[in-house]
Amino acid sequence: MASLDRVPFLDLRAAYNELQQEIDEAVQRVLKSGWYILGPEVESFESRFARYVDSSYCVGMANGLDALHLALRALGVESGDEVIVPSNTYIATWLAVSQCGAVPVIVEPDPTTYNLDPELLEAAITSRTKVILPVHLYGQPADLDPILSVAKKHGLRVLEDAAQSHGARYRGRRVGSHGDVVAWSFYPGKNLGAMGDGGAVTTSDSSLAERIRVLRNYGSKEKYVNEVQGYNSRLDPIQAAILNVKLEHLDEWTSRRSGVAQQYIDGLSNADIVIPHVPEWADPVWHLFVVQHERRDALQKKLRANGVDTLIHYPISPHQQCAYRGMGLSEDAFPIAASLARRVLSLPISPHHSEKQIDAVVSAVLKSVRET
Ligand SMILES: *Cc1c(COP(=O)(O)O)cnc(C)c1O
């Protein structure tokens, strides 16, 4: 195969190349400032990102997992508590719960949207439930209204995992403050990605924001005065400076992602694969474009032979991971998640794939599906 024409799954250098001058200047500004922990660059990003997601407060953190973990801590989750999580998500969602000593209680997704099925929520609630933790997977918001109303009815808090959904809208309003608190990741491959690790929480609850601000910085508001046993999980100012540059371009980059998604939808709607379903209340930001196929592994292999790189999100669902062997869950304990793990395939998508490249992917998928 002509390797020159390969379509990569994602090329992060293309993002840097587009913004190189702005990013280099931003990084230089931090290096020359002599201020290397928290400070003005982080504060500026926090206020701009809070505004972007239509939330009152943002607290910058070291990564998305810490954002989830410290948000749960701030909500008072502790050993013995239960937190409701989706069966199909990146394992970080579950790990944040486990890190609090709490128990993840698992709910299956709606198989058409891949997001937590609100119909199954009430059956999962017990006297120990503290928090519902929906994930906005693949860039598409979960169905928040019914989740929030179940939470309200049972006196539970809601933490949203928005690591894949910067800018996504639910019923016209940006994800960022529907629930009590929202956790974000700026891992390089995310829609808003740093050039290293980064994360944040947003919330419109000032006391929650304050608690998380204290937790991320050794339990301290005032230097050497420690109110609680905290953590060290601060957003790095160099990453904040890069994020300040990239935030300016996020809407344009999201619209380029939507263009790619539309090309796939137009090209693949008659192919013998399942393409994403977008409910009428969702404005997704297309972090991933995930299709399903019965013989996924064979399809992936054919696509690779035809010059198209794909990935699987995720090949092993959390309940089948060794890390959660201790919960004693069988594969068919969560059949929807298990089936998705066998069938899903992520096609290349980013603001930097050309129309020509995506045309090539569409042709390769049509050809490979016929042959598989
Ligand atoms: C990326 C991701 C996280 C974790 O973010 P990190 O910054 O890598 O710690 C959590 N949840 C989901 C759904 C993610 O995709």
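Predicted model: local features only at pLDDT ≥ 70, side-chain atom pairs only at ≥ 80, totals over all residues.
1. Let me start with Tyr218, which sits in the loop between α7 (206-215) and β10 (220-222). Its phi is near 65 degrees, and that is a positive value in a residue other than glycine.

2. Another spot for your attention is the peptide bond joining His313 and Tyr314, which is cis, with omega at about 10 degrees. Tyr314 belongs to the loop between α9 (296-305) and α10 (335-343).

3. Now to the ligand. Where does it lie among the pockets of the protein? The space that the ligand takes up is the largest pocket. Around the ligand there are 15 residues, and the closest are Gly64, Asp161, Gln164, Ser185 and Lys190.

4. Which part of the chain gives the largest share of this shell? That is helix α3 (residues 64-74), which supplies 3 residues.

5. The polar side chains at the site are worth a look one by one. Lys190 places a polar side-chain atom 2.6 Å from an oxygen atom of the ligand. For Ser185, a polar side-chain atom is found 2.7 Å from a ligand oxygen atom. In Gln164, the distance from a polar side-chain atom to an oxygen atom of the ligand is 2.8 Å. How much of the ligand does the protein bury? On its own the ligand exposes 380 Å², and 91% of that is buried by the protein.

6. Lastly, have a look at the open sheet of 3 strands, whose order is β7-β6-β12 and whose pairing is antiparallel. Its edge strands, each pairing on one side only, are β7 (173-174) and β12 (282-283). Between β6 (residues 169-170) and β12, the antiparallel pairing runs over 2 bridges. Which residue of β12 does Arg169 face? Opposite Arg169 stands Asp283.

7. To go back over the places I would open in the viewer: the loop that holds Tyr218, between α7 and β10; the cis peptide bond between His313 and Tyr314; the ligand in the largest pocket; and Arg169 with Asp283 opposite.

Terms used
Residues numbered from 1 in each chain as written. Heavy atoms only, no water. Near = heavy atom within 4 Å. Polar contact = N/O pair within 3.5 Å; in protein donor to acceptor, adjacent residues only side chain to side chain. Areas by Shrake-Rupley, 256 points an atom, 1.4 Å probe, with all protein chains shown as cover. 1 Å grid on protein atoms, 1.4 Å probe; cavity = no way out; pocket = protein on both sides within 12 Å on 5 of 7 lines; lining within 4 Å. Sits in = over half its atoms within 2 Å of the grid points. Helix = DSSP H or I, 4+ residues; strand = E, 2+ residues; numbered from the N terminus. Pairing = 2+ DSSP bridges.
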